[in-house]
Amino acid sequence: MAKVYVFDHPLIQHKLTYIRDINTGTKEFRELVDEVATLMAFEITRDMPLEDIEIETPVCKTKSKVLSGKKIGLVPILRAGIGMVDGVLKLMPAAKVGHVGLYRDPETLKPVEYYVKLPTDVEERDFIVVDPMLATGGSAIDAIHALKKRGAKHIKFMCLIAAPEGVEAVKAEHPDVDIYIAAMDEKLNDHGYIVPGLGDAGDRLFGTK
C-alpha cells in the first residue's frame with residue numbers, strides 16, 4: 001500500500017503560511033513555491049541509493065559516497081506543476097523533465113490527454129510527479145496513469161497541499177505510488193476547493209484569474 005509522508009519541517013510550515021496568505025503577491029508566491037519545492041526535494045530523495053568511489057583529498061586517498069546514478073524524471077502536471085520544477089532541479093539538475101497536460105471532457109467527465117511528453121528511457125527512470133494541489137485526486141490519478149501507460153515503473157507524487165479525499169483516491173487507484181505532502185488540510189468544499197487551502201495555485205503562480 002502507498003505510504004503518505006507529511007512534512008512538518010519548520011521552514012516548510014513557515015513558508016506555507018505565506019503561500020496561503022491572500023495578501024501574498026504573484027512574485028513572492030512564485031518564489032515561495034520554488035523554495036518549498038527545493039525543501040521537499042531534499043526529503044523525497046532521502047532513499048536514493050549510494051555507492052562508494054575512491055577520491056583523493058588534500059590529505060590522503062579515501063572512499064566516499066556518491067549517488068549511484070539512478071535516473072530521475074520530473075513530471076509537472078500542467079499548468080500549476082511548472083511552478084515546482086525549478087525548485088526540485090536545484091537539487092537534481094541532471095533530472096530529465098517531462099510534461100503531462102489533461103482536461104476533463106465536460107460531457108463525459110472522462111480525462112483527455114492534450115499533451116504528454118516524457119523522456120525516451122521511461123522504464124529506466126524513477127519519476128516524481130509534481131502538482132501544488134491534491135484536491136479530488138483526479139488529475140494526479142490520470143497523470144500517473146499516463147506515465148504507467150508509457151512504461152513507467154517507479155513513481156512518486158509530490159504536492160504542497162492535499163485534501164484527505166484526494167489522498168485516499170490516489171492511494172486506492174495507485175497503491176504503488178507514495179505520496180509526499182507539505183500539509184494535509186481539512187477537507188474539500190462543495191466546489192472541490194481545498195479548505196483552508198491557498199486558492200487556485202495556477203492563477204496565483206501566473207497572475208491569471
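Trainee: What is the relative accessibility of Asp200, and how does this residue count on that scale?

Mentor: A residue is called buried under 20% relative accessible area, exposed over 50%, and partly exposed in between (1.4 Å probe, protein chains only). Asp200 has a relative accessibility of 30%, and therefore counts as partly exposed. Bear in mind that this is a predicted model, in which local features need pLDDT of at least 70 and side-chain atom pairs count only at pLDDT 80 or more, while totals for chains, interfaces and linings use all residues. Residues are numbered from 1 along each chain as its sequence is written, and side-chain values use heavy atoms, with hydrogens and water left out.

Trainee: Where is Asp200 found, and which residues does Asp200 touch beyond those up to four places away in sequence?

Mentor: Helices (H or I, at least four residues) and strands (E, at least two) are DSSP runs numbered from the N terminus. Asp200 sits in the loop between β13 and α6 (201–206). A contact means heavy atoms within 4.5 Å, and, with residues up to four places away in sequence not counted, Asp200 touches Arg79 and Tyr193.

Trainee: How accessible is Pro132, and which annotation covers it?

Mentor: Pro132 carries a UniProt "binding site" annotation from the unreviewed entry, in a set that also includes Arg79, Arg104, Gly137 and Asp200. From this set, the lining of the largest pocket takes in residues including Arg79, Arg104, Gly137 and Asp200. Pro132 itself is found in the loop between β8 (125–130) and β9 (133–134), and counts as buried because its relative accessible area is 2%. Leaving aside neighbours within four places in sequence, Pro132 is in contact with residues including Ala80, Met84, Ala201 and Leu205. Gly137 lies in the loop between β9 and α4 and is likewise buried, with a relative accessible area of 4%; with residues up to four places away not counted, Gly137 touches Gly166 and Val170.

Trainee: How many salt bridges does a search of the whole structure find?

Mentor: Side chains of opposite charge can pair when their charged atoms come close. A salt bridge is a side-chain nitrogen of Lys or Arg within 4 Å of a carboxyl oxygen of Asp or Glu, and the search finds 15 of them. In one of these, the closest N and O atoms of Glu31 and Lys27 are 2.7 Å apart; the two residues are four residues apart in helix α2 (residues 26–44), so about one helical turn separates them. Lys27 is exposed, at 59% relative accessible area, whereas Glu31 is partly exposed at 37%.

Trainee: Which parts of the chain does the pair of Glu113 and Arg150 link?

Mentor: Glu113 and Arg150 meet through their side chains in a salt bridge (2.9 Å, N to O). This pair links distant parts of the chain, 37 residues apart, with Glu113 in strand β7 (residues 111–117) and Arg150 in the loop between α4 (138–149) and β10 (154–162). Glu113 is partly exposed at 31% relative accessible area, and Arg150 is partly exposed at 35%.

Trainee: Are Asp121 and Arg125 buried or exposed?

Mentor: Asp121 and Arg125 are both buried, and their side chains form a salt bridge (2.8 Å, N to O). Asp121 and Arg125 also belong to a network of salt bridges that links them with Lys71 and Glu124.

Terms used: UniProt positions renumbered as here; feature names shortened; annotations may be inferred. 1 Å grid on protein atoms, 1.4 Å probe; cavity = no way out; pocket = protein on both sides within 12 Å on 5 of 7 lines; lining within 4 Å.
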